[in-house]
Amino acid sequence: MEGREIVRVEDLWVSYEESLFGFLGKTKHVVVKGVSFSVNRNESFGLIGASGSGKTTILKALLGLVKPFRGEIYIEGEKLYYDGKIKVDVLRKIGFVPQDPFSSVDPRMKIMDIIGEPLIIKGLSKRVVQQAVENVLELVRLDKQIANKYPHQLSGGMLQRVAIARALITKPRLMLLDEPTSHLDVVTQSEILALLKDLKEMFGYSYIMVSHDLNVVSYISNRIGVLLNGYLIEEGPTKNIVEKPLHPYTKILVESSKFKSVAEPMYSTIGCPINPICPWARDICKKHMPPPTALNGSIVRCWYYLDYTQR
Ligand SMILES: Nc1ncnc2c1ncn2[C@@H]1O[C@H](COP(=O)(O)OP(=O)(O)O)[C@@H](O)[C@H]1O
Ligand code: SF4
Ligand SMILES: [Mg+2]
């Protein structure tokens with residue numbers, strides 16, 4: 001099993017500094033709280049949670065864009081952070097499709113240069129880059145003629161394929177996808193998901209895909225992790241999460257996914273975040289976050305199951 005592991009995240013904690021009315025100095029806002037999971041080769045891990053639950057921050061930590069204050073990340077067994085610094089050769093194994101891929105590119109750049117940029121930066125020749133761009137365009141099923149077009153000439157779905165091609169061009173071992181279909185219509189969304197699934201099955205890519213939509217992550221993921229206010233409160237095989245959710249919050253997500261709405265309960269900052277609305281809540285839930293407990297092939301963080309496994 002060890003050799004198949006592409007990424008392992010161990011007890012990850014991330015915070016942002018926040019200014020308190022300027023003169024009061026800065027305070028630490030902890031947004032990722034002891035998150036652990038791993039993804040094997042050719043597997044897809046879906047991270048689901050409401051807006052602000054810490055999904056993008058976990059991806060940023062995997063890309064070295066925010067530095068965790070505790071925990072480790074291993075890519076193919078190698079530490080991503082060494083002595084507090086990101087290891088660039090390990091980082092190169094990761095490809096990224098950001099949530100809004102075209103907000104950061106120059107609209108006057110041709111698709112050829114947008115997709116080829118990661119290789120141009122590496123100093124590869126124009127001919128090699130051109131060939132590589134044509135190859136990845138074929139992978140994402142786009143006509144190579146679009147290489148000469150500009151972003152505004154393409155549809156949303158085509159642009160998303162371009163973003164995927166740009167991430168694929170460096171031949172990453174792990175792809176991170178931040179809400180890759182959230183701004184697409186339903187038909188285009190399912191086309192992109194089918195493409196990602198095919199790429200995974202044909203070429204053995206591994207993904208971490210972030211979404212607030214359980215229907216999106218469950219289509220493509222082998223395993224799913226559920227984030228609640230920075231805590232990974234349940235993690236397990238997709239079938240377990242969708243058909244036999246353990247945690248009350250996962251149950252809410254599964255129910256609401258049938259109605260295409262996102263559950264956003266009132267959070268408590270002390271103890272379990274959903275203790276004010278949880279029908280199973282008891283005194284300890286108001287004071288302490290439960291530790292992870294293994295149950296039926298999943299991991300769950302809920303006092304109810306901790307007692308249950310110790311019965
Ligand atoms: N650069 C930042 N500075 C300060 N706070 C941030 C920053 N980015 C995100 N946050 C806060 O961190 C929390 C998690 O954000 P994020 O990871 O973007 O969540 P998600 O992707 O699940 O919507 C939110 O409360 C958000 O407001
Ligand atoms: S820890 Fe307590 S409040 Fe939280 S989900 Fe479990 S029973 Fe409910
Ligand atoms: Mg986000």
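Predicted model: local features only at pLDDT ≥ 70, side-chain atom pairs only at ≥ 80, totals over all residues.
Let me start with the layout. The protein chain splits into two domains. Where they touch, domain 1 puts in 13 residues and domain 2 puts in nine. On the domain 1 side, β9 (174-178) and α6 (186-203) each supply at least two residues. Helix α6 has the largest share of that side, at five residues. Sorted by class, the domain 1 side comes to seven nonpolar, two polar and four charged residues.

Next, the core. The largest nonpolar core has 78 residues. Those touching the most other members are Ile115, Val136, Ala165, Leu176 and Val226. Helix α5, residues 156-168, makes the largest contribution, with seven residues. Why does this core lie between domain 1 and domain 2? Because both domains give residues to it. As a general point, nonpolar side chains in soluble globular proteins tend to be buried together.

Take Ala165 as an example from that list. Setting aside neighbours within four places in sequence, Ala165 contacts Ile115, Val136, Leu137, Leu139 and Val140. Two of these, Ile115 and Val136, are also on the list of residues that touch the most other core members.

Now a helix, α9, residues 248-257. Which of its residues are buried? They are Pro248, Tyr249, Thr250 and Leu253. What do they pack against? The partners are the strands β3 (44-48), β11 (223-228) and β12 (231-237), together with the helices α7 (214-220) and α8 (238-243).

That leaves the ligands. Around ligand 1 sit Tyr16, His29, Val31, Gly49, Ser51, Gly52, Ser53, Gly54, Lys55, Thr56 and Thr57. Two elements give two or more residues to this shell, β2 (26-40) and α1 (55-62). Helix α1 gives the most, three residues. By class, the ligand 1 shell has two nonpolar, eight polar and one charged residues.

Ligand 2 is surrounded by 13 residues. The closest are Cys272, Cys278, Trp280, Cys285 and Cys302. How does that shell divide by class? Eleven of its residues are nonpolar, two are polar and none is charged.

Note on methods: Residues numbered from 1 in each chain as written. Chains lettered and ligands numbered in written order. Domains from an automatic or database assignment. Contact = placed C-beta atoms within 7 Å. Helix = DSSP H or I, 4+ residues; strand = E, 2+ residues; numbered from the N terminus. Nonpolar A, V, L, I, M, F, W, Y, C, P; charged D, E, K, R; others polar. Core = buried A, V, L, I, M, F, W, Y, C linked by C-beta atoms within 7 Å. Buried ≥ 20, exposed ≤ 12 C-beta atoms within 10 Å, placed from the backbone. Near = placed C-beta within 6 Å.
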